[in-house]
4 protein chains.
Amino acid sequence: MNSFGRLLRISLFGESHGPFVGIILDGCPAGIALEESDFLADLDRRKAGATGTTPRREDDRPELISGWFNGNTTGAPLTIVFRNGNTKSGDYDRIRDIPRPGHADFVLHEKYRGFNDYRGGGHSSGRLTVALVAAGVVAKKMLGSSEVHATLTEAGGMEDVEAAVAKAVAEQDSIGGIVTCRVSNLPIGLGEPFFHSLESLISQAVFSIPAVKGIEFGSGFAAAAMTGSAHNDMLKDGSGKTATNHAGGINGGISNGNELCFRVAVKPTSSTPRPQQSWSRATGKVESFEVKGRHDLCIALRVPVVVEAVTAIVLADLMLIARSYS
Amino acid sequence: MNSFGRLLRISLFGESHGPFVGIILDGCPAGIALEESDFLADLDRRKAGATGTTPRREDDRPELISGWFNGNTTGAPLTIVFRNGNTKSGDYDRIRDIPRPGHADFVLHEKYRGFNDYRGGGHSSGRLTVALVAAGVVAKKMLGSSEVHATLTEAGGMEDVEAAVAKAVAEQDSIGGIVTCRVSNLPIGLGEPFFHSLESLISQAVFSIPAVKGIEFGSGFAAAAMTGSAHNDMLKDGSGKTATNHAGGINGGISNGNELCFRVAVKPTSSTPRPQQSWSRATGKVESFEVKGRHDLCIALRVPVVVEAVTAIVLADLMLIARSYS
Amino acid sequence: MNSFGRLLRISLFGESHGPFVGIILDGCPAGIALEESDFLADLDRRKAGATGTTPRREDDRPELISGWFNGNTTGAPLTIVFRNGNTKSGDYDRIRDIPRPGHADFVLHEKYRGFNDYRGGGHSSGRLTVALVAAGVVAKKMLGSSEVHATLTEAGGMEDVEAAVAKAVAEQDSIGGIVTCRVSNLPIGLGEPFFHSLESLISQAVFSIPAVKGIEFGSGFAAAAMTGSAHNDMLKDGSGKTATNHAGGINGGISNGNELCFRVAVKPTSSTPRPQQSWSRATGKVESFEVKGRHDLCIALRVPVVVEAVTAIVLADLMLIARSYS
Amino acid sequence: MNSFGRLLRISLFGESHGPFVGIILDGCPAGIALEESDFLADLDRRKAGATGTTPRREDDRPELISGWFNGNTTGAPLTIVFRNGNTKSGDYDRIRDIPRPGHADFVLHEKYRGFNDYRGGGHSSGRLTVALVAAGVVAKKMLGSSEVHATLTEAGGMEDVEAAVAKAVAEQDSIGGIVTCRVSNLPIGLGEPFFHSLESLISQAVFSIPAVKGIEFGSGFAAAAMTGSAHNDMLKDGSGKTATNHAGGINGGISNGNELCFRVAVKPTSSTPRPQQSWSRATGKVESFEVKGRHDLCIALRVPVVVEAVTAIVLADLMLIARSYS
C-alpha cells in the first residue's frame with residue numbers, strides 16, 4: 001500500500017533506476033495555481049551537492065502530467081513525475097550477492113522472492129522522496145496561513161551541524177541527525193481521538209521517510225521524566241494559548257492552537273565509506289566489502305524538506321476534512 | 001475516523017461515562033477459539049488498583065455480542081463490549097467550565113462545538129483502552145509463534161519503577177514513564193516501503209494510546225549521534241540474523257527476522273493532585289482549581305498491556321496480508 | 001469488510017439470533033438532534049406484520065449507546081444497537097444439514113469453514129437491515145433540503161402490489177418486486193469520475209441489501225435500445241435542468257441537478273412455503289424439505305425503506321465531502 | 001477518489017488531451033511475467049476502427065514505468081502509461097460554451113468551478129478506459145483457472161449486433177447495447193456479506209465505465225416477476241453446483257461455485273451526429289449545434305473488454321484476500 005491520506009490521497013511510485021519516479025495527489029482541490037518554478041526552492045533544498053551529500057545530481061524537473069490545465073489544478077488526480085537520469089545500474093549488481101548492512105536489500109529480496117528491482121534500493125530508495133517533496137509543495141499551498149518549517153538541529157550528536165559534517169568527511173564515516181519541525185498558525189481541532197490523532201498521522205507519514213527511527217512531540221521522551229505539575233501547560237485564555245508548550249501543540253491527539261512541534265531522529269547513512277562485513281548470498285559466508293556508488297555522508301541534511309512535505313500533506317488533508325465539519 | 005487496519009480492521013466506540021465502551025474486529029478469521037477467561041490476564045494488567053493507579057474498579061467483563069458462536073469466532077465482525085459502571089457524572093461538571101490542563105477538554109469543546117460528552121474525557125478517555133486490550137487478546141491469538149512483550153522500564157526518570165511510584169505518592173504529583181516493547185519470532189517481510197512501513201503502522205497505533213508522546217525503534221534517538229559504521233548491523237547468515245540490533249528489527253520499514261524492539265514515551269498523568277491554574281470559560285479568567293475524581297498518579301503503569309495490544313493488532317493484520325502474497 | 005463510506009463511515013455488526021444487531025456511524029457531525037422517536041416511522045415501514053411479511057415482531061427499539069449526549073450527536077462514533085428477542089434457534093438446526101436454496105447457507109459454511117452462526121442466516125440475515133434503516137434516519141438529517149423517497153412499484157410482475165401479494169398468499173409462493181427510488185433537490189456535483197461515481201457508490205450500497213439482483217439509473221436497460229438523439233437530455237438553462245431525464249439525474253457519474261432516479265430489482269423471497277429440494281450435507285443426497293420458520297412472502301415490501309436508508313447514507317457522505325471542496 | 005480495491009488497489013489518472021493516461025496497480029504480487037505483447041489482444045479489442053467506432057487511432061502502446069523489472073512484476077506499485085497522440089484540442093473549444101447533452105461537460109464545469117480540462121471530456125473521457133484494460137490484462141493473470149468473458153449481446157435493441165450498427169450508420173444516429181459477462185471456474189467464497197458483496201464490488205467497478213446505466217446479476221430484473229419456487233436454484237451436490245443458475249453464481253453476496261453471470265446496460269453514445277440543442281453558457285440561450293470530432297456511433301462495441309477488465313480487477317483482489325483466510 002503505497003498510498004496515504006483520506007481526502008487528499010497520495011500514491012507514490014517508481015524506482016531509483018527506473019525511467020520515472022512520481023506521485024499522484026488525488027483529491028487535490030481545483031484551482032490551485034501551480035507552475036514549475038513553484039517547486040524549485042524545495043527541490044533545491046533536497047538536492048544533492050552540499051558537503052556531506054552525494055554528488056549524484058538529478059535535474060529534478062517536475063512534470064505535471066495529469067490534473068493540471070492552464071496553470072491550475074483541475075480537481076482530477078494531479079500526477080507529478082521526475083525522469084531519472086544519470087543512473088549506472090552496473091554499480092549495484094553486487095547488491096544481489098551481498099546485502100548492504102543497514103539497507104533493505106536483504107528483506108526486499110526475501111519479501112519479494114528475488115523479483116524486486118535491487119538497483120539502488122529500487123522502490124525503497126530515498127530517490128522517491130523527490131516526489132514527496134513535490135507533493136509537499138502542492139500541499140503547502142493548501143495550508144492557508146499555517147507554515148511548516150523543519151531544520152536539522154543536530155548532526156552526529158553536535159548542534160553545530162557544519163562542524164559535524166566536516167568531521168564526518170574527515171573521518172570518512174557517515175552520521176545521523178535530529179530534525180526539528182514546527183508549524184505555526186495551525187487552527188484548533190485538527191486530528192481525531194485514537195487512530196487518526198495528529199501524532200498518529202504525522203508519525204505514520206514521517207516514518208515513511210527512509211532512515212527515520214524516532215519521533216517525539218513536544219517534550220517527548222523528556223516528558224517521561226517530568227511530573228504532571230511541571231509538564232501541564234496552563235491555558236491562558238479562550239484562544240487556546242498556553243503558558244508553556246510541553247504538549248507540542250497537541251492535546252488528546254488534536255491541535256490546540258499553539259505551535260505544533262516535533263523532533264525526528266535520523267540514523268546515520270547506511271552507506272558509510274568504511275569497510276564493512278556482510279553475509280554473501282553468493283558464497284554463503286560473511287565477507288568484507290565496501291559500498292560503491294554515490295552516497296551521502298549525512299543523509300539527514302536532506303531530510304528536513306521531506307519532513308516538511310509529509311507534514312504539509314497530513315495537515316492539508318486534515319484541513320480539508322475540517323472544512324466538512326465546520 | 002475511529003477505525004484502523006486493512007484486513008483486520010478495528011473500530012472503537014464508547015465514552016467514559018456512557019453505558020458501554022466497545023470495539024469491532026472486522027476481518028478476524030473464523031475459527032479462533034475464544035472464552036471470556038482468555039481476556040482476564042491482560043485486562044487485569046490494565047486494571048486499576050495497584051499503587052499509583054486510580055481506585056476506580058470496573059468489572060471489565062468482556063461481552064462478545066457478535067461474531068462469536070459456540071466458543072469460536074465466526075468470520076463475521078467480532079464485537080466486544082464492556083458495560084461501564086461506577087460512573088459519577090457529577091464529578092466532571094466543572095470540566096465544561098475549566099478545561100483541565102494536559103487534557104483534551106478545551107480542544108474537544110472547540111472541535112465539536114460544545115456537543116462532546118465532556119464527562120471524564122468522553123470518547124477520548126483512557127477508559128476506551130479496555131477495548132483495545134480486549135482486541136489485543138484476540139490479535140495475539142493470530143500471531144502464531146510471535147510473542148509481544150511490553151514492560152514499563154522507567155518511571156519518573158528512574159529505572160526502579162516501584163521507587164518512582166512511591167516517590168510520586170509521597171510528593172502527590174503525577175509521573176510519566178518509558179515502555180519498552182519487544183516482539184520475538186517475527187517473520188521476515190512484514191511492512192511495506194513508505195506509508196505502510198512497520199514503523200509507520202506501529203507508531204500510528206501506539207500514538208492512539210492516550211498520553212504517548214514519543215516512539216523510537218532500535219537505537220532510535222541515540223542513532224542520530226552514532227556513525228554508520230557503529231550503527232549498521234552486520235548480517236551473519238541467510239536467516240537474516242544480525243550481530244547487533246541497532247535497527248530494532250526493521251530495515252526499510254520491513255521486519256528483518258531479528259527481535260522487533262521499540263520504546264514509547266508516556267507523559268505524566270495530566271490529572272495531578274497538585275493545585276493548578278487554567279482559564280475558565282465561565283469567568284473568562286485564569287483561576288486556580290484542583291482536579292477531583294479518581295486518577296492514576298502514574299498512568300504509564302497501565303500502558304504496557306495497551307502497547308502490546310495495539311502492536312499485536314498491527315502485526316496480526318500484516319500477517320494476514322503476508323499470507324495473501326506467500 | 002463490513003464498513004462503507006469515506007467521511008461518514010458505517011460499520012455493521014450482529015447476527016439474526018445473537019443478542020444484538022447494530023451499526024456505528026463514524027464521522028457523523030456533532031450537533032444533530034436525535035431522539036428515539038425520530039426512528040419510529042422508518043422502523044415501522046420496515047417492520048413485520050403487513051400481509052405478505054413475516055409474523056416475527058421485534059420491538060425494534062434503537063439504543064444509542066455511544067456518540068450521543070443530551071439529545072445530540074457528539075461527533076464521536078454514534079453506535080445504535082437493537083436487542084434481538086423472540087429468537088427460536090431450534091428452528092434453524094436443519095440449516096447445517098440442508099442448505100436452503102436461494103440462501104447463503106451453503107456458501108457461508110464453505111467460506112467460514114463451518115464456524116459461521118447458521119441460525120437464521122447469522123450475520124447475513126435481513127435482520128441486520130434494521131440497523132441500516134436506523135443509520136438512514138440519521139443520514140437523512142444530514143441531507144438538508146434533499147429528500148429520498150423509495151416505493152415498491154411492482155410486485156410479482158404486477159403494478160398493483162396489493163393484488164400481487166394477495167395472489168402470493170393464495171398460491172403460497174413467494175414473489176419479488178421492483179423498488180423505485182427518487183431523490184429531489186439534490187445539489188449539482190455529487191460523485192466523482194470513475195470508481196466513486198454516483199452510480200458506483202449507490203449500487204455498491206444497494207447491492208448490500210439482501211435479495212437485490214439488479215439496478216438501473218434513469219432509462220437504464222431501456223436506454224440500451226434507444227438512439228442517442230432520443231436518449232440525450234437537452235439542457236434548458238444554467239441551473240442544469242433538462243427537458244427530459246433519461247440520465248436519471250447523473251452525467252459522468254456526477255449529480256446534474258435533476259431528480260435522481262433509479263430502480264432496484266428484488267428477487268422473490270428465497271424461503272418460499274412450497275416444498276423444495278436440496279443437497280443434504282448429512283446424507284450426501286438431494287432430499288425434499290420445507291423451510292420452517294417465520295418468513296416474508298414478499299420481502300420486497302420491506303426493501304424501499306432500506307433502499308432509502310443506504311441511499312441517504314451515500315448522499316450524506318458525498319455532501320460532507322462536497323463541503324470540503326466548496 | 002480515483003482508486004479502487006483493497007489489496008490490489010488501482011489508481012487511475014490522465015486526461016483525454018493531456019500527455020499521458022495511466023494507472024497504478026498497487027499490491028500486485030511480485031513475479032507475474034509481463035511483456036508488452038501480453039497487452040495487445042485486449043487493447044486491440046478496445047481500439048477504434050471497427051464500423052461504428054471512432055476513426056481516432058491511438059498507438060495504445062503500454063509503457064511499464066514502475067514495478068516491472070527483468071520481465072516480471074516486482075511487488076512495488078506497477079505503473080502503466082499510454083502517451084496520447086493525435087489530439088486536436090481545437091475541436092473541443094466549443095464545449096466550454098455549449099455543454100454537450102449526455103456528456104459530463106456541464107456538471108464538470110460546475111463541480112470544478114471551471115478549472116477542469118474540458119478538452120474531449122478531460123479526465124472523464126472514455127480514453128481512460130485504455131488504462132483500465134491494461135490493468136485488466138495484469139489482473140487476468142492473477143485469476144488462475146477462472147476466465148472472464150464479456151461480449152456485446154444486443155445493440156440498438158437487436159441481437160444481431162452487426163445489423164444494428166449498419167442501421168445506425170445508415171441513420172446517422174448513435175445506439176447503445178447490452179454486454180453480457182460470464183466468469184467460469186470461480187472458486188466458492190469470494191465476496192462478503194453487505195458492503196463488499198460480489199454484486200456490490202462488481203457494480204461499483206462496472207459503473208465506473210462511462211455510459212453504463214444498469215447492471216443485473218443472474219435473472220436480474222426478470223427475477224422480480226418470478227416466484228420463489230421458480231427462481232430458487234436447487235443445490236445438486238457438495239460441490240455447490242445448482243440445477244439452474246437464476247442467482248448468477250452469487251448467494252448472499254458470495255460466489256457459489258457456479259458460473260458468475262451478469263448483464264450491463266450501455267446507453268447510446270452521447271455524441272450522436274444528429275443536430276441537437278443545448279443551453280449555451282456564452283449566450284444564455286438554448287441553441288442548435290452539432291457535435292464535431294471523432295466519435296463512436298456505438299460505444300458499446302468497445303465496452304466488453306473494459307467490463308472484463310474491471311471484473312478481473314475485482315476478482316483478483318478478492319482472490320488475494322481469500323488467500324489470507326485460507
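Through which surface do the copies, chain D and chain A, meet? I looked this up first. I found that 100% of the interface residues of chain D are also interface residues in chain A, so the copies meet through the same surface.

**Ground rules.** I am working with a predicted model, where local features need pLDDT of at least 70, side-chain atom pairs count only at pLDDT 80 or more, and totals for chains, interfaces and linings use all residues. Residues are numbered from 1 along each chain as its sequence is written, while chains are lettered from A and ligands numbered from 1 in the order in which they are written.

**Chains A and D.** I laid chain D on chain A and got an RMSD of 0.0 Å, with a turn of 180° and a shift of 0.0 Å along the axis. The superposition is by least squares on the C-alpha atoms of residues with pLDDT of at least 70 in both copies. The two copies are thus related as by a two-fold rotation axis. In chain D, Ser11(D) has the C-alpha nearest the axis, at 4.0 Å.

**The contact.** I noted 35 residues from chain D and 35 residues from chain A; contact requires C-beta atoms, placed from the backbone, to lie within 7 Å. On the chain D side, the elements giving two or more residues are strands E2 (9-14), E3 (20-26), E4 (63-66) and E6 (72-73). Helices (H or I, at least four residues) and strands (E, at least two) are DSSP runs, numbered from the N terminus. E2(D) provides the largest share, four residues.

Next I traced an open sheet of eight strands with antiparallel pairing, in the order E8(C)-E9(C)-E13(C)-E10(C)-E10(D)-E13(D)-E9(D)-E8(D). Strands pair if DSSP finds at least two bridges between them. E8 (147-155) of chain C and E8 (147-155) of chain D stand at the edges, each with a single partner strand, so one side of each is left without a neighbour in the sheet.

**Helices.** Helix H7 (303-324) of chain C packs on this sheet, touching E8, E9 (177-184) and E13 of chain C, and its direction makes about 145° with that of E8(C). Axes are lines fitted to C-alpha atoms, for helices over the stretch in contact, and angles run from 0 to 180 degrees between N-to-C directions.

Is helix H5 (198-206) of chain C enclosed or open? I found nine of its nine residues buried, so H5(C) is largely enclosed by the rest of the structure. Buried means 20 or more other C-beta atoms within 10 Å of a residue's own, with C-beta atoms placed from the backbone. Among them are Leu198(C), Glu199(C) and Gln204(C).

Terms used:
Two residues are in contact if their C-beta atoms, placed from the backbone, lie within 7 Å. A residue is buried if 20 or more other C-beta atoms lie within 10 Å of its own, exposed if 12 or fewer, and partly exposed in between; C-beta atoms are placed from the backbone.
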